[in-house]
Amino acid sequence: MRFALLPAVLLPLALASPPTLLATEPVSRVGLTTDEVRFAGTVRGRVTDQSSGQPVPGAQVIVAGTRLGAAADNNGRYVITQVPAGAQTLSVRLLGYAPKSATVTVTDNGEVTADFTIERSASQLSEVVVTATGDQRKVEIGNAVATLRADSLMISAPITSVGDMLQGRVSGLMTFANAGMTGSAPRIRIRGFNSLSQPNNPLIIIDGARVDNTTGAGSGGGTNIQSYGWTAGSMTSMNPEEIESFEIVKGPAAATLYGTDAANGVIVIRTKRGTAGAPKWNFYGEGGIIPHPTNWNDTYYAFGKNAQGQAVQCVNLARVAGQCTVDSVSIWSPIRDAVSSPLGTGNRRQVGAQVSGGAQQLRYFVGGDWERERGYLELPAAEIKRISTERGGAELPDEQIHPNYLNRTALRANASAMLGPKADLNISNSLQFQRSQIPTNTLFTDAAWGIGYKDAYDGWGSQRRPGETFSTR
């Protein structure tokens with residue numbers, strides 16, 4: 001046997017020469033194998049806006065699971081080459097538009113067309129809130145500010161008042177609906193009750209103007225924690241369909257922007273404004289019934305005999321004084337008794353229309369609303385007959401038979417003009433005709449909450465029946 005040895009100097013050169021690759025060996029080319037490189041195609045298409053049909057330049061079209069992609073040109077067209085053959089998922093994205101995906105089948109050395117129509121979608125970037133010193137970036141505000149958009153609420157919830165829009169939707173904010181009395185303003189508290197004797201109402205700002213929201217009666221003029229009764233505050237005059245957003249400034253820190261009156265917080269309400277474009281019309285209407293509450297307390301009446309042995313109503317005060325002895329207790333609820341109950345079924349009707357539009361330099365918004373709502377209180381037939389007889393057979397007015405109602409007709413208009421890149425002029429005006437009637441709460445305190453411990457007037461007695469309570473003076 002003979003062996004041929006190569007010189008040592010040639011050995012490195014032999015080892016450095018490139019080896020012959022087999023067809024089955026992988027090739028490193030953008031993470032693809034030789035088979036994948038061999039079987040590839042092209043995807044092209046166009047991206048357009050759904051509302052206008054115009055091209056969307058800059059939209060990014062990406063092949064899912066790969067690094068392949070392309071950006072749309074000024075005509076909205078894109079081309080992606082070397083796309084692996086088979087079913088591929090394409091996705092298109094652009095800031096300000098909702099993402100969209102589609103599946104296409106790519107063939108070897110073939111070409112497939114995939115056009116996209118994408119829809120505009122608001123993207124939350126840096127929020128801006130309205131303050132006493134003008135619009136400010138939210139990150140620069142030292143106060144805790146909660147923002148509530150009204151457009152989404154009107155679609156998904158049964159909203160009939162501003163109180164309904166706020167109830168249970170902002171942390172730290174409480175609303176008290178005043179027993180469901182039609183036309184009554186809700187009590188609003190931000191971060192609880194701050195004082196036992198001073199007002200607890202937050203400051204209300206509507207389009208930069210301060211409005212009063214004092215509600216309730218009782219000691220302190222309805223401003224303290226112990227207030228009761230119902231009044232038609234300014235919040236009841238607002239039409240929820242005309243509101244764009246709420247901004248709730250919480251805590252005493254709001255006083256740095258709005259003064260000491262804002263120690264209980266601030267609610268900034270912004271009404272709808274016109275947007276540039278063709279006129280946009282919005283028509284709405286609703287109707288329904290208003291059922292009455294069904295959960296009431298019982299009223300107890302104690303009877304017995306006095307020192308002379310005569311049968312009398314033995315109230316607690318007389319019993320403790322030794323003036324009578326109790327021998328029986330009766331239960332009667334005038335609220336639950338169908339003959340005497342002042343509870344019926346109310347109804348609600350509302351229709352309205354709005355139009356907005358204009359050019360970028362001058363925008364407008366005009367809205368009108370007609371609303372009629374009647375509460376569930378209704379004078380029973382026996383009381384109608386009794387009062388009519390006492391008045392010589394005179395017919396009772398409807399506002400006494402149905403003492404709780406709200407009639408409102410409102411018009412609102414505003415215009416916005418662009419004076420320059422950093423200046424706008426806004427003009428707002430509203431005209432409203434409203435008539436409402438809210439009964440006193442003695443109807444419920446005497447008939448539903450009394451427990452027979454005071455005197456003969458408990459449970460309405462002879463002078464506080466619905467006929468007297470509902471009477472107009």
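Glutamate 373 is buried, with a relative accessible area of 13% (buried means under 20% relative accessible area, exposed over 50%, partly exposed in between, with a 1.4 Å probe and protein chains only). Keep that residue in mind for the first exercise. This is a predicted model, in which local features need pLDDT of at least 70 and side-chain atom pairs count only at pLDDT 80 or more, while totals for chains, interfaces and linings use all residues. Residues are numbered from 1 along each chain as its sequence is written, and side-chain values use heavy atoms, with hydrogens and water left out.

**Exercise 1.** Work out which parts of the chain are tied together by glutamate 242 and arginine 412.

*Solution.* 
- Step 1: Look at the atoms. The closest N and O atoms of this salt bridge are 2.7 Å apart.
- Step 2: Find the elements. Glutamate 242 lies in the loop between strand S15 (209-211) and strand S16 (243-250), and arginine 412 in strand S24 (residues 405-420), so the bridge ties together parts 170 residues apart in sequence.
- Step 3: Compare with the burial cut-off. Glutamate 242 is buried at 4%, and arginine 412 is buried at 13%.

**Exercise 2.** Explain how glutamate 383 and arginine 386 are placed within helix H7.

*Solution.* 
- Step 1: Recall the geometry. An α-helix has 3.6 residues a turn, so residues three or four places apart point the same way.
- Step 2: Apply it here. Glutamate 383 and arginine 386 are three residues apart in helix H7, and therefore separated by about one helical turn.
- Step 3: Check the contact. Their side chains meet in a salt bridge of 2.8 Å, N to O.
- Step 4: List the buried residues of H7 (residues 381-390): Glu383, Arg386, Ile387 and Ser388.

**Exercise 3.** Locate the disulfide and say which hand it has.

*Solution.* 
- Step 1: Search for a pair of cysteine sulfur atoms within 2.5 Å. The whole structure holds one disulfide, and it joins cysteine 314 to cysteine 324, S to S 1.9 Å.
- Step 2: Cysteine 314 sits in the loop between strand S20 (311-313) and helix H6 (316-320), and cysteine 324 in strand S21 (residues 324-331), so the pair ties together parts ten residues apart in sequence.
- Step 3: Read the torsion. About the S-S bond it is about 85°, so the disulfide is right-handed.
- Step 4: Check accessibility. Cysteine 314 is buried at 1%, and cysteine 324 counts as buried at 8%.
- Step 5: Valine 329 is found in strand S21, but counts as exposed at 53% relative accessibility.

Methods. Helices (H or I, at least four residues) and strands (E, at least two) are DSSP runs, numbered from the N terminus. A salt bridge is a side-chain nitrogen of Lys or Arg within 4 Å of a carboxyl oxygen of Asp or Glu.
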